[in-house]
Amino acid sequence: MNPYEAERRALLTPVLLLLLAERRGHGYELVRRLVDMGWPDAESAHVYRVLRGLETCGAVTSHWDASDHGPARRVYAVTHQGAMELALWFVRLGELHGILHLFLERYVQLTDATASGDDRPSAPLPTDPASADHIRRMRK
């Protein structure tokens, strides 16, 4: 796993708490809902490990839901403690958002200076089209 994937995986806890605060759900449903959060490649095994950890620490509860159509599924719901943890994540991620926003703005300034012929070291645009588009939008 590359270091960037590790950072992303660390965000799975608050994202799952948010999804469960919106509404309860079973594992595979949560994996599908992660796609809407910009997580198209979430590994279901990792999602289940995080859910078990959240349940162990009391942030979520689960129960088996027997269905007339298919096998029983474990349905997860956020607890009061989980809602409090989610609120703390909101504060922490808000602080991180400010730092990341400043970083991105300064990177855009660096790439603008490089493009205008400044003699600072070159700051190439990312090769990822989504990242390059984000930088172009920030320049406007």
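**Figure 1. H26 and its partner strand in the predicted model.** H26 stands opposite V75 of β3. The model is predicted. β1 and β3 pair in the antiparallel sense, over 2 bridges.

**Figure 2. Pairing of β2 with β3.** Strand β3 covers residues 73–78, and its pairing with β2 is antiparallel over 6 bridges. W64 stands opposite R74 in β3. D65 has R73 of β3 as its bridge partner.

Figure 3. Strands of a sheet pair through backbone hydrogen bonds, in either a parallel or an antiparallel sense.

**Figure 4. The crossing of α2 and α4.** Two packed helices are described by the angle and the distance between their axes. Here the helices are α2 (residues 12–22) and α4 (residues 44–56), with axes that come within 10 Å and cross at roughly 75 degrees. That angle makes α2 roughly perpendicular to α4. On the α2 side, L12, T13, L16, L17 and L20 take part in the contact. They meet H46, V47, V50, L51 and L54 of α4. By class, the residues of this contact are 8 nonpolar and 2 polar, with no charged residue.

**Figure 5. The crossing of α2 and α3.** Helix α3 spans residues 27–36, and its axis comes within 11 Å of the α2 axis. The two axes cross at roughly 105 degrees. α2 and α3 are therefore roughly perpendicular to each other. From α2, the contact takes in L12, V15, L16, L19, L20 and E22. From α3, L30, R33 and L34 contribute. The residues of the contact divide into 7 nonpolar, no polar and 2 charged. L12, L16 and L20 of α2 take part here and also in the contact with α4.

Figure 6. Rolling a probe the size of a water molecule over the atoms shows where empty space is left. A search of the whole structure finds 1 cavity of 30 Å³ or more. The volume of the largest cavity is about 80 Å³. Its lining residues are E5, R9, L12, W39, D41, A42, E43 and H46. By class, 3 of the lining residues are nonpolar, 1 is polar and 4 are charged. Two of the lining residues, L12 and H46, also belong to the contact of α2 with α4.

Technical notes:
Residues numbered from 1 in each chain as written. Predicted model: local features only at pLDDT ≥ 70, side-chain atom pairs only at ≥ 80, totals over all residues. Heavy atoms only, no water. Axes fitted to C-alpha atoms, helices over the stretch in contact; angles between N-to-C directions. Helix = DSSP H or I, 4+ residues; strand = E, 2+ residues; numbered from the N terminus. Parallel < 35°, antiparallel > 145°, perpendicular 65-115°, else oblique. Contact = heavy atoms within 4.5 Å. Nonpolar A, V, L, I, M, F, W, Y, C, P; charged D, E, K, R; others polar. 1 Å grid on protein atoms, 1.4 Å probe; cavity = no way out; pocket = protein on both sides within 12 Å on 5 of 7 lines; lining within 4 Å. Points joined across faces, edges and corners; volume = space filled by probe spheres on them. Pairing = 2+ DSSP bridges.
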